[in-house]
Amino acid sequence: MVDSRVLILGGTAEARALAKALVAEGIPVISSLAGRVQNPRLPVGEVRIGGFGGVEGLRKWLGDNQIRAVVDATHPFAVRITANAAQACAQADVPLIRLARSAWEAGPADRWISVPDIDAAAEAVAERGGRVFLTTGRQDVDAFAGVENAWFLIRVVDPPEGPLPAHHEILRSRGPYGLDDERALLAEHRITLLVTKNSGGELTRAKLTAAAEVGIDVIVVERPSEPAGVECVTSAAAAVDCVRSIVRAADSADR
Ligand code: NAP
């Protein structure tokens with residue numbers, strides 16, 4: 001097994017869990033991070049940081065680094081790297097598994113307004129106004145820059161670089177977030193509207209529970225579609241099973 005290298009496209013908790021599990025099994029991994037966050041949480045095992053240079057760059061990198069399998073464990077909204085991975089792996093004939101956590105689903109107490117993309121979320125906010133808790137991430141803040149009839153609490157890991165809404169406060173923090181803290185935040189800032197991507201997972205779910213408790217609306221940006229024809233799993237454990245069988249088959253073919 002030791003000759004097989006697995007590339008994990010990361011930047012998520014699932015990617016870190018997968019790296020840990022594969023390293024524990026003696027399967028060498030290289031985790032790749034985009035380099036967006038100043039002090040990223042690093043997975044165990046080897047790590048590389050920075051883009052590959054599009055589909056062509058990734059295809060070449062796979063060949064140069066003797067990659068036997070790729071797990072795309074990037075965030076469900078990281079559409080470009082996911083599309084690039086699908087194309088590059090197909091061209092290089094390298095097996096690809098997509099690891100994406102399940103989406104959140106609304107319960108009876110939730111007051112969700114589903115929108116297809118971030119621009120639609122900004123329109124939905126402009127229709128309502130109020131005091132908005134914006135949790136869609138640093139890269140999407142500029143979509144809300146033209147919304148003047150709302151005040152925004154903007155929670156980000158690193159400060160946003162583009163234009164900002166006229167009325168806002170930046171809150172720098174990194175999850176996971178607990179329910180008591182989310183309740184306190186909504187109360188302290190008298191939040192009337194929450195905006196989130198449908199990222200899924202437990203680490204940032206508490207804000208939805210807190211919003212449901214106080215009965216505020218939640219603008220939910222629904223997920224982009226995944227590339228067709230790629231095997232998709234929702235947990236690191238399932239991805240480990242897939243990788244194990246790919247690596248075993250590749251190693252026995254080499255003997
Ligand atoms: P994106 O728009 O899909 O990708 C833009 C470019 O960034 C890609 O074309 C690629 O550059 C590079 N890139 C992205 N992920 C990479 C990775 N894991 N390793 C190496 N290069 C990568 O990505 P994004 O939405 O900006 O997300 C960037 C990273 O943040 C991802 O790793 C993702 O898992 C994480 N993240 C994203 C979100 C989100 O809401 N989008 C939330 C939490 C975490 P080249 O074309 O040069 O290869």
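How far does a backbone N or O atom of Arg 80 lie from an oxygen atom of the ligand? The distance is 2.9 Å, a polar contact, meaning a pair of N or O atoms within 3.5 Å. The protein covers 82% of the 810 Å² of accessible area that the ligand has on its own, with areas taken from the Shrake-Rupley method and a 1.4 Å probe.

Please note that this is a predicted model, in which local features need pLDDT of at least 70, side-chain atom pairs count only at pLDDT 80 or more, and totals for chains, interfaces and linings use all residues. Residues are numbered from 1 along each chain as its sequence is written, and side-chain values use heavy atoms, leaving out hydrogens and water.

I turn now to the whole protein. Its secondary structure comprises 7 helices and 12 strands, which are DSSP runs (helices H or I, at least four residues; strands E, at least two). Buried residues, those under 20% relative accessible area with a 1.4 Å probe and protein chains only, make up 45% of the 255 residues. Finally, the C-alpha trace spans about 65 × 30 × 30 Å along its principal axes.

Methods. Polar contact = N/O pair within 3.5 Å; in protein donor to acceptor, adjacent residues only side chain to side chain. Buried < 20%, exposed > 50% of the residue type's maximum accessible area, 1.4 Å probe, protein only.
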